[in-house]
Amino acid sequence: MSMLPPDVSAQLVQLLQQLQSADNTVRSQAEDVLQNQWTSQRPEWLLMGLAEQIGTSSDPSLRSFAAVIFRRIASKTRKNISGENVDLFISLERQHSTAIRAKLLETLLTESDKNVRNKISDAVAEVARQYAETGESWPDLLQALFTLSQATDSGKRETAFRVFTTTPGIIERQHEDAVAGAFSQAFKDESVAVRLAAMEAFAAFYRNLRKKDQAKFHALLPELLNILPPIKDSQDSEDLSKALVALIDLAETSPKMFKPVFNVLVQFSISVIQDKELSDLCRQNALELMATFADYAPSMCKKDPNYTNDMITQCLSLMTDLGEDDDDAADWLAADDLDDPESDQNHVAGEHCMDRLANKLGGLVILQPTFNWLPRMLSSPAWRDRHAALMAISAISEGCRDQMLPELKQVLDLVVPALKDPHPRVRWAGCNALGQMSTDFAPEMQKKFYDIVLSALVPALDSPEARVKSHAAAALVNFCEEADKAVLEPYLDSLLTALYRLLQNEKRYVQEQALSTIATIADAAEQAFAKYYDSLMPLLVSVLSRESDKEYRLLRAKAMECATLIALAVGPERLGGDAMMLVQLLANIQDSIQDPDDPQAQYLMHCWGRMCRVMGKAFLPYMPKVLPPLLELASAKADVQLLDDEEQIAKFAQEDGWELVPLRGKTIGIKTSAMDDKHMAIELLVVYAQVLEEAFAQHADDIMEKIALPGLAFFFHDQVRFVSARLIPQLLRCVKKAYGSQSQQLVNLWNKTVDKLLEVLSAEPAIDTLAEMYQCFYESVEVIGMPCLTDERMSKFIDNVMSALQDFDERAKQRKEELQGLAPEELEDDQEELQEAIDDDQTLLADMNKAFNCIFKYHGVSFLPYWERLQPIYAEFLKSDDPMQIQWVLCLFDDVLEYCGPQSGGYVSFFKTPFLEGCKHPSPAIRQAAAYGIGVAARNNGKDWSEMLEQAIERLFEAVQVPSQVNMGDKTPTEEEIYKKARDEDNVYATENACAAIAKILHFYPAAVKVNPYQVIAQWFRLLPITNDEEAAPYAYLYLVELIGKQHPVVMSQPALVFQRVVEALEAETLTDQTAMRVVAATKALLQATNTDPSPVLLNFSPETQNLVRRLFV
């Protein structure tokens, strides 16, 4: 019996029929009625009516459609009483939602049509998701699913697990034992469809479990794996593919679960990959399963006796599976569309897998078994073997870089002959290998083997086959991108002559590639390219002037790119009047663009940017032409689609430029191509702001309000947020330069900017992007260059910092917990991901520190009351065993000392111990921060810090000895070993800061030295030179000048060594400008006073340094 009045039910049936109408007008009107008269006015009647239609209609298509509409409506959002957006179904009054969900469950249990039942299960899953996410239970659902899982109809049993798959969160912990039993039974079900559905459900359920709860389900793994062999025996590729995909899901979630059965699974998967009777997709899924283990559990793969050799063998075998029925490559050569049509082919899957194996398992594991095959394959009479061997070298070179670099000449000896192979596809693969190696082994390839590479690739440009010519030119792009102009210059004639011939080729893709290669060479050769300007630029201008047909659009785009890169390379003087001609051509092309998919549009944006960089402010007249389309792209909103059904999802998955994202039980489609265009446009706005400076100020206010500030919260695309953060300081800088630092225009722009910046600091979820936001904040404060934060804003900044630090502390603790109890191989597997997370946190804290530094720099003591709110956090961080936290606090203490003058003396008791203890810390970064702070205390506030400074001298000398103590164990290091270790790459900055700090104490507060000053000064002198830290060097060397002026015995007794230490700093350019002149003058006086000839010392330096010193010491 219906719970709705008959007339309402009749209206709904009529509406459903209209919604399915083939007539667009009828369907559109019905959608309006659905939204305005049902969804927004009486959703409970609509959902109940739909549930009733699902259960009572005799038409399966109507029942199915009603279920689809039910899910769509239930998943909509609306505002609740509090004004918050909530899912529609969960927002219904309880009496209505209870009745509707009961009716929906009833239809699920009774529906006999499998397709309709699947649609109902999707609707049930959506409702279940809403309950699970709000923490409410739906006990009737779990009971209904258990009932279905025991049904005599295998289709109903399958449906139960289908719902489990989409909403695993409905299973509460108290039911886990029952669930394990249900899975165990389903894994042995007589129906293959049920077994597969149970596998998919188990993978989703397992992924949803907390890590500590997962182990109790490991016992089910053997039963789950037993599903696979019978399916393989039946040669059902589709079912076996589904099973393998479920295993891939599990392997990504918990690869270590497979450890007891891994070898068996390896052998099974290899047997699937080998079986040519199975479909390519099925074999590739088996390959993907094995590659997933390499991604997530490389140590387990390395230890397996079969994994590495078998996987390499199978990858190489798959890589020979190409060119079927095309032995002479006639079809391949005839193809003009070079977008890879073989991306789903076996040979491509094999190549990609080899790349992953090399990157994840490393060269020590991969290289030898791979090269056991390659020489044989390269000498094989079968061209496919030779092709596969060359592609394998391309695939593994990045991951095996460290192991292949010493053998690079031998590898090139294998590859280079392939460029003269009789088969064109082998020659193509040889070009590919040289191109990839040029990238992966840069800069060694370009510095040591340039002649071998160029002598092979340049003749290949004259290959008889267009595809080989084009790929040789593409390989040259890789080589030239990393080559110095000095390497390229002797080859420019032969390179450009051959590329010029390619521009005459009948194949358009060859012409396009030739233009790209010429552009790259111009970019690398810079001024040396000017010689070829007169022959090439007219040709490019000709292409830009005449080729207007649609099929030539990409060619013109490449010609634009090439011409503007040449302009950038040769510079404005060589370009002369051609600059105006070129921008006019670009303007004409922009006016001719009509189609939204015209590739010229995107190229044109970059070309305008290059011409602006070439012409500088002379480009201003063209900004009215350039800016409007750029602003339109930069202002683009996110194109986001909510995809309701599998058909839509499948359609969008096939389209280029879309990314599908699962979100709360739904699938969201995001048009990433539009996001990439938006990112590119904002990047170009940064260029215009940097180049045009004050002339760009007229646009700054509008761009800030409509593009830059909204871009900070553009959560659909990380790179848009990054580049928006880069744009903001540039816009402020333009306005400051145009109107002045005290101008009302700058004040107004800052006031509309700063609150948004502070808001973003509290809202940004991604750690790396949050660091960018802090950088944007401190760079913006630096541009303003004066006190610019109100008390309220300083307080808001501290609120944001406190929140970010609490989040950081939780991440650090979680990392520590996760590492506890892990076996060594598990630590190894997680090391890369762990290091990335630590690096992100280090960058965040560093940028946060710079923000503090900037605020203290311009606000001084007025910021102290807000800074003090963080003292409990400082105290906790100082107790941490994480060096990152201690260093962060010491750097903040440094800023207080630097910018708060005498008032910093009030923190002596708080700062003293961390600074002194920091000098002894094993971490160089902590020693550096502590030494720097002690030096600042001596320079600015010596008397207030007298007690600390008296103890600091000894501690600073200890800081220099720490590295050798840490690494020498019980052995007592020699003085030479101490100073050598103190100056290595890791420790040199800490050592140089300790040296500078001692110099500051000796100069600004010599009373701190209570015992044997001569010995202290002699020991300090041994810490020179300072050749890395430009900020530390002046203090140390000016103290050296002071000692010379006083004719101190330490310097008077060793003038040659003083001279040597000064020259070392001059050579390293840590001594420059007036400071260098003062030091040189004092050193000359010392040499004259002691009658010392510096020539023997000078001979130990490079000729360039000798010439510099002779000029300075004349």
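**Salt bridges in the predicted model**

K981 and D984 form a salt bridge in which the closest N and O atoms lie 3.0 Å apart. The model in which this pair is found is predicted. With a relative accessibility of 28%, K981 is classed as partly exposed, because that class covers the range between the buried limit of 20% and the exposed limit of 50%. In general, side chains of opposite charge can pair when their charged atoms come close.

The structure contains 55 salt bridges. One of them joins K756 to E759, with 3.5 Å between the closest N and O atoms. Both K756 and E759 belong to helix α43, which spans residues 744-763. They are three residues apart, about one turn of the helix. E759 has a relative accessibility of 44% and therefore counts as partly exposed.

A further salt bridge connects R384 with D327, and here the closest N and O atoms are 2.7 Å apart. R384 is located in helix α24 (residues 383-396), whereas D327 is in the loop between α19 (307-319) and α20 (330-334), so the pair ties together parts that are 57 residues apart in sequence. The relative accessible area of D327 is 49%, which means that D327 is partly exposed.

Charged residues are also joined in a group. D87, E126, R129 and E133 are linked in a network of salt bridges.

Methods:
Residues are numbered from 1 along each chain as its sequence is written. This is a predicted model: local features need pLDDT of at least 70, side-chain atom pairs count only at pLDDT 80 or more; totals for chains, interfaces and linings use all residues. Side-chain values use heavy atoms; hydrogens and water are left out. A salt bridge is a side-chain nitrogen of Lys or Arg within 4 Å of a carboxyl oxygen of Asp or Glu. Helices (H or I, at least four residues) and strands (E, at least two) are DSSP runs, numbered from the N terminus. Buried means under 20% relative accessible area, exposed over 50%, partly exposed in between (1.4 Å probe, protein chains only).
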